[in-house]
Amino acid sequence: MKRYFSPAIAIGVGLLVLFGYFFQNSSLNAVRTIFVQWAVLLSAAAVFVGVINLFLVHLNKVIHKSRDRVYSLFLLVALLLTLTFGFLYSPNDPVMVNIFNAVILPVETSLMAIMAITLIYAAIRLLRRRVDLMSIIFLATAVVVMLGAAPTPFFQIPLVADLFRPKIINVLSTSGARGILIGVGLGTLLTGLRVLMGIDRPYGGK
Amino acid sequence: MSLTALAGIILVAFSAVLLIGLFLLKDRVKASFRTIPAITKFIRSIGTAVEQGTRVHFSLGSADVTRERTGASFVGLSALHHITEMAAASDKPPVTTSGDAGLAVLSQDNLQSAYRAAGMEEQYHPDAGRVTGLTPFSYAAGALSMIADEDISSSLLAGSFGVEIGLLTEAVERQDAFTLSAADSLPAQALVFASAKEPLIGEELFAVGAYLDTSRIHAMSLYVQDILRWLIVLVLLGGAAMKLLAGLV
């Protein structure tokens, strides 16, 4: 029964939401808004399920004494502490805001910094891993754009800052980016159509 | 109705008619595509993973399922279903990581239905579909430790990613595992090109289903994508020519 029931609901709701998007002034738009609000509520409920999943995975790691169980234990303690504070205070309370600003923000910023180093390392290794024309163009473009943007104390590098970099960013890069985005857009359209026709079923089942 | 909405309806209806039409033509339209070495190597790496008893990892990104960027993650889910059916007999079943709880629930559902289809539902464990963090970087941080711990030999990163994908590809490469990486955003694609062994650029992400031989309609949807692309090229060139002519007159 589920085999037919789930796709029927998904296709029906999908079509209503799609038509509601196109016919903004009709009653379909009101139906679309209701369905989207339901989806947001379900998504919020899924966050709770996701946190339980995260908790259980790390609890299992601690119980089964896996190699990195110390980190898992740390995560569990932090999760329970934050949850307790969240219940005691509201999410907008200064205590909760401070927890966010003092822990999550610096950690994510540090990861961003690590990412920058990782990218430089990857770029250095690129020609060792894959020597082809595209890799050479990629690296050369990156070097020219970075040199053009580099803060030089007394003078700008001739041609690079005032000719090559603007041409690369405004003409080559923008047109290439648009091409890629059109391709991604078409791919997304076709994926959506397959879901609406019940061929792709991201909600499981075949 | 606005002109944009009308254009949207025409595009969607035209694509749907084309897709159904090509599908109904059956054997009169033969599916033949150029080789994408990255996908060929990925399929080979799945076989190696099953033989060696190592794990296949799927990373689905951190797009919220209620947002418009979920399309790319649906490609990852489709591949997950297909490959889990292929690799269900492996000693170490495939594992997925997501940065969105809704996406993780969908991945668990797909894993379960793939095991059911392979006749091995008892092999399924909900732990195989994990949320590793709820912000892009916490998701990447959580997935990093999983990549290091779980004896992964092949990894498919397909979905909606930001720059955090750079950390994931580097981690997989450090494990000397095979990575097939594809993302929908431009910064992520640039990072993937620099850091992954086998990157997929642009709409190649959406070709994964057809190349994995998921179904005939996946192949036909690639044809429709090509036809639409050529139409857009013609419209752009026509527009440019008309503007040029208007300038000359």
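Predicted model: local features only at pLDDT ≥ 70, side-chain atom pairs only at ≥ 80, totals over all residues.
Let's start with H4(B), which covers residues 101-117. Helices here are DSSP runs of H or I with at least four residues, strands are runs of E with at least two, and both are numbered from the N terminus. H4(B) has 17 residues and reaches 24 Å from its first C-alpha to its last, close to the 24 Å expected at 1.5 Å a residue; that expected span is 1.5 Å times one less than the number of residues.

How many residues of H4(B) are buried? The count is 12 of its 17, so the helix is mostly covered, where buried means under 20% relative accessible area, exposed over 50% and partly exposed in between (1.4 Å probe, protein chains only). Among the buried ones are Leu103(B), Leu106(B), Asn110(B), Leu111(B) and Tyr115(B). The cover includes helix H2 (27-63) of chain A. From chain B, strand S1 (55-61), helix H3 (70-87), strand S2 (95-98) and strand S3 (129-131) are included as well.

As for the ends, a side-chain oxygen of Asp100(B) comes to within 3.2 Å of the backbone nitrogen of Gly102(B) at the start of H4(B). Just after the helix, Gly119(B) has a positive phi of about 75°.

**A nonpolar patch on chain A**

Over on chain A, Leu73(A), Val77(A), Leu81(A), Phe85(A), Leu88(A), Tyr89(A) and Val95(A) make a nonpolar surface patch of about 600 Å². Patch members have over 30% relative accessible area and no salt bridge, and nonpolar side chains (Val, Leu, Ile, Met, Phe, Trp, Tyr) are joined within 5 Å. Helix H3 (residues 69-88) of chain A gives the most, with five residues. Leu73(A) lies in that helix, and it counts as partly exposed because its relative accessibility is 45%.

**Salt bridges**

Searching the whole structure turns up 12 salt bridges over all chains, each being a side-chain nitrogen of Lys or Arg within 4 Å of a carboxyl oxygen of Asp or Glu. Here are three of them.

| Asp149(B) | Arg67(A) | 3.2 Å |

The Asp149(B) pair crosses between chains, from helix H5 (residues 136-149) of chain B to Arg67(A) in the loop between H2 and H3 of chain A. Asp149(B) is partly exposed at 25% relative accessibility, whereas Arg67(A) is exposed at 64%.

The Glu170(B) pair also crosses between chains, running from helix H6 of chain B to Arg125(A) in helix H4 (residues 94-129) of chain A. Is Glu170(B) buried or exposed? With 3% relative accessibility, Glu170(B) counts as buried, and Arg125(A) is buried too, at 19%. Leaving out residues up to four places away in sequence, Glu170(B) touches Thr118(A), Tyr121(A), Ala122(A), Arg125(A), Arg129(A) and Ser195(B), a contact being heavy atoms within 4.5 Å.

Glu198(B) is buried at 13% relative accessibility, while Lys41(B) is partly exposed at 35%. Finally, salt bridges that share partners join Lys61(A), Arg67(A) and Asp149(B) into one network.

Key
Residues numbered from 1 in each chain as written. Chains lettered and ligands numbered in written order. Heavy atoms only, no water. Polar contact = N/O pair within 3.5 Å; in protein donor to acceptor, adjacent residues only side chain to side chain. Patch = residues over 30% accessible without salt bridge, like charges linked within 9 Å, V, L, I, M, F, W, Y side chains within 5 Å. Areas by Shrake-Rupley, 256 points an atom, 1.4 Å probe, with all protein chains shown as cover.
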